[in-house]
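Below is a short briefing on one structure.

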There are 2 protein chains.
Amino acid sequence: MNEKQVVIGIDLGGTKIYTAVVDEQGKILASSRKRTKAEQGPSPVIDRIVEGVEESVAAAGLPAEQIKGVGVGSPGPLDLKTGTILQTPNLGWKNVPLRDLLQKKLQLPVTVDNDGNVGVLGEFAYGAGHGAQHMIGLFIGTGIGGGVIVDGKLLHGFNENAGELGHMILDPDGPRCGCGNKGCLEAFASRLSIEREIKVAALHGVETFVLDDIKENERLRSKKLAEAYAAGDPAVKQAVNRSAEYVGYGTASLLNIFNPEVVVLGGGVVEAIGEDYVEQVRKIALQNVFKVARRNVRIVAALLKDDSAVLGAARLAWDYYNKRKI
Amino acid sequence: MNEKQVVIGIDLGGTKIYTAVVDEQGKILASSRKRTKAEQGPSPVIDRIVEGVEESVAAAGLPAEQIKGVGVGSPGPLDLKTGTILQTPNLGWKNVPLRDLLQKKLQLPVTVDNDGNVGVLGEFAYGAGHGAQHMIGLFIGTGIGGGVIVDGKLLHGFNENAGELGHMILDPDGPRCGCGNKGCLEAFASRLSIEREIKVAALHGVETFVLDDIKENERLRSKKLAEAYAAGDPAVKQAVNRSAEYVGYGTASLLNIFNPEVVVLGGGVVEAIGEDYVEQVRKIALQNVFKVARRNVRIVAALLKDDSAVLGAARLAWDYYNKRKI
């Protein structure tokens with residue numbers, strides 16, 4: 001009989017709920033995916049989360065007593081002390097006591113953190129940051145998310161909102177950012193900024209064959225971005241290289257500020273372009289940093305792809321369980 | 001008889017050694033100041049440090065058994081684990097095992113950290129950051145130093161070189177910084193940058209009455225800077241306001257990254273200009289930051305002036321002593 005202890009990791013997203021049964025080594029034993037349908041409101045979504053847990057536990061074939069806890073990565077901002085969702089543009093909810101609602105239904109201890117943080121925690125615990133004590137995670141997607149591990153722990157800050165790495169200012173006179181300010185890293189380097197740059201380049205006569213894609217789909221899909229970059233599309237190359245350049249400057253600042261052991265780069269843009277992107281970031285970052293902060297630092301691609309958040313959520317549960325045991 | 005327990009704080013600088021007997025509330029009971037004369041090499045300087053300790057202890061009138069330890073703020077970079085000075089442009093030394101040398105001579109436990117960190121620790125423990133758990137310290141002087149307190153502890157990082165806040169990049173195409181890179185905060189906002197801006201402004205015909213001072217003394221003294229600013233000297237106002245503006249942008253980034261409870265601004269420039277400078281930083285920073293990172297944050301002037309490092313060094317000693325007691 002398998003007496004392995006496990007936890008449940010839950011990645012609660014705007015479009016899907018991804019649930020996994022995870023052992024302490026970060027191995028996913030079984031999983032479940034469901035549509036979120038957040039517009040139906042918290043109560044049916046909580047029910048679907050519970051169904052997802054039951055399904056994945058059943059698929060793992062483990063008795064309930066071997067499940068030691070539940071971790072959830074949720075859109076934020078959250079109140080971490082109470083596990084309450086304060087407000088989420090992603091789900092359209094306000095003041096939902098997620099932790100208490102789930103604890104009651106599941107009869108298991110539940111720990112909650114925001115989705116950006118759990119993604120970083122996943123890479124730290126089981127991915128590209130494994131073994132380090134000081135790590136930066138930067139996720140270059142539609143926006144730019146991130147998080148910081150200091151002395152083996154997530155940096156939360158005073159109002160539990162630390163880690164907004166996409167909103168470092170890299171040029172006070174730079175382009176307007178979605179946050180309202182000017183010249184944030186996100187305004188130079190996110191997928192949205194890449195799309196905008198491609199459009200601007202096309203307007204200035206730079207050749208590109210993805211402009212219709214951006215216009216038709218209102219976004220450039222990862223697959224298309226990767227293909228165009230590999231094929232040498234001039235506007236795409238220009239926009240992607242600019243993104244990598246600014247992520248490089250931002251990384252340089254973060255190296256001087258945090259002196260981490262490893263910087264993990266993830267998210268759709270990094271996954272689409274791959275090592276070519278990481279290498280550009282690495283080069284710019286290491287050129288612009290103090291020698292001592294450069295020593296032995298690794299700047300690498302994330303490893304866990306879509307599993308980073310669910311595994312980070314599982315790690316939250318393990319951390320809570322192991323702390324209680326002591 | 002006074003049975004009060006005390007520690008010794010030592011601020012080892014390039015020009016002077018400042019030693020103080022400090023109680024656990026951060027009160028200085030007695031102190032001593034000596035010239036460093038670093039060019040004589042480590043051994044006579046160590047002897048002078050020991051003399052300074054003996055003098056200040058004698059002045060405090062306390063028996064040796066009431067002294068619980070010694071903390072030192074030293075120019076870096078250091079190896080904190082062994083308390084060794086690796087290399088100091090300020091003292092011109094290399095690989096000096098400062099902690100062991102002092103421990104042997106003083107027969108007391110010695111703890112060492114770099115001068116920037118102990119200055120921040122002093123403000124955290126006994127100054128403007130007292131009571132907070134998450135604090136940023138930014139010292140705007142000849143250069144820009146700083147440090148970060150996370151969860152009540154100094155952020156050190158992987159190679160113990162975290163906290164180089166003056167070298168955040170605020171414009172990759174900005175002015176050349178002393179570190180070799182372009183557009184660092186320090187290149188926009190330090191006293192040296194202010195002097196350079198005044199010279200450039202004067203070249204462009206902006207009126208100023210401090211140009212001769214800068215040329216003659218090769219620097220602008222704090223008193224003169226303060227007078228010229230108060231008198232409305234156009235080039236000085238322009239340069240100081242630009243410094244405050246960029247410190248404001250840098251502070252905004254740090255608020256988004258760390259979400260601290262308090263940002264403490266110190267150093268010669270802040271002391272010279274005072275609340276006018278702090279208010280400009282506060283305004284720019286709060287305009288450029290997420291609402292949740294702005295909530296309840298305080299951006300304030302440092303309180304301890306020349307005592308910040310010696311009191312931070314004392315706090316190092318107290319932390320070491322209290323940890324051993326447990």
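In chain A, strand β9(A) and strand β12 (residues 262–266) pair in the parallel sense over 5 bridges. Pairing requires that DSSP find at least two bridges between two strands; helices (H or I, at least four residues) and strands (E, at least two) are DSSP runs, numbered from the N terminus. This is a predicted model, in which local features need pLDDT of at least 70, side-chain atom pairs count only at pLDDT 80 or more, and totals for chains, interfaces and linings use all residues. Residues are numbered from 1 along each chain as its sequence is written, while chains are lettered from A and ligands numbered from 1 in the order in which they are written.

**Strand β9 of chain A**

- Because 6 of the 6 residues of β9(A) (residues 135–140) are buried, the strand is largely enclosed by the rest of the structure.
- A residue is buried if 20 or more other C-beta atoms lie within 10 Å of its own, exposed if 12 or fewer, and partly exposed in between, with C-beta atoms placed from the backbone.
- On one side of β9(A) the buried residues are A:Met135, A:Gly137 and A:Phe139, and on the other A:Ile136, A:Leu138 and A:Ile140.

**Helix α2 of chain A**

- Helix α2 (residues 98–106) has A:Leu98, A:Arg99, A:Leu102 and A:Leu106 buried.
- Seen down the axis of α2(A), these residues fall within an arc of 90° (taken from the directions from the helix axis to the C-beta atoms), so they line one face of the helix.
- They pack against α1 (42–60), β4 (67–74), β6 (84–88), β7 (93–96) and β8 (110–114) of chain A.
- Just after α2(A), A:Gln107 has a positive phi of about 55°.

**Contact between chains A and B**

- Chain A and chain B each give 33 residues to the contact, where two residues are in contact if their C-beta atoms, placed from the backbone, lie within 7 Å.
- On the side of chain A that touches chain B, α8 (234–258) and α11 (291–294) are the elements that give two or more residues; the largest share, 6 residues, comes from α8(A).
- The copies meet through the same surface, because 100% of the interface residues of chain A are also interface residues in chain B.
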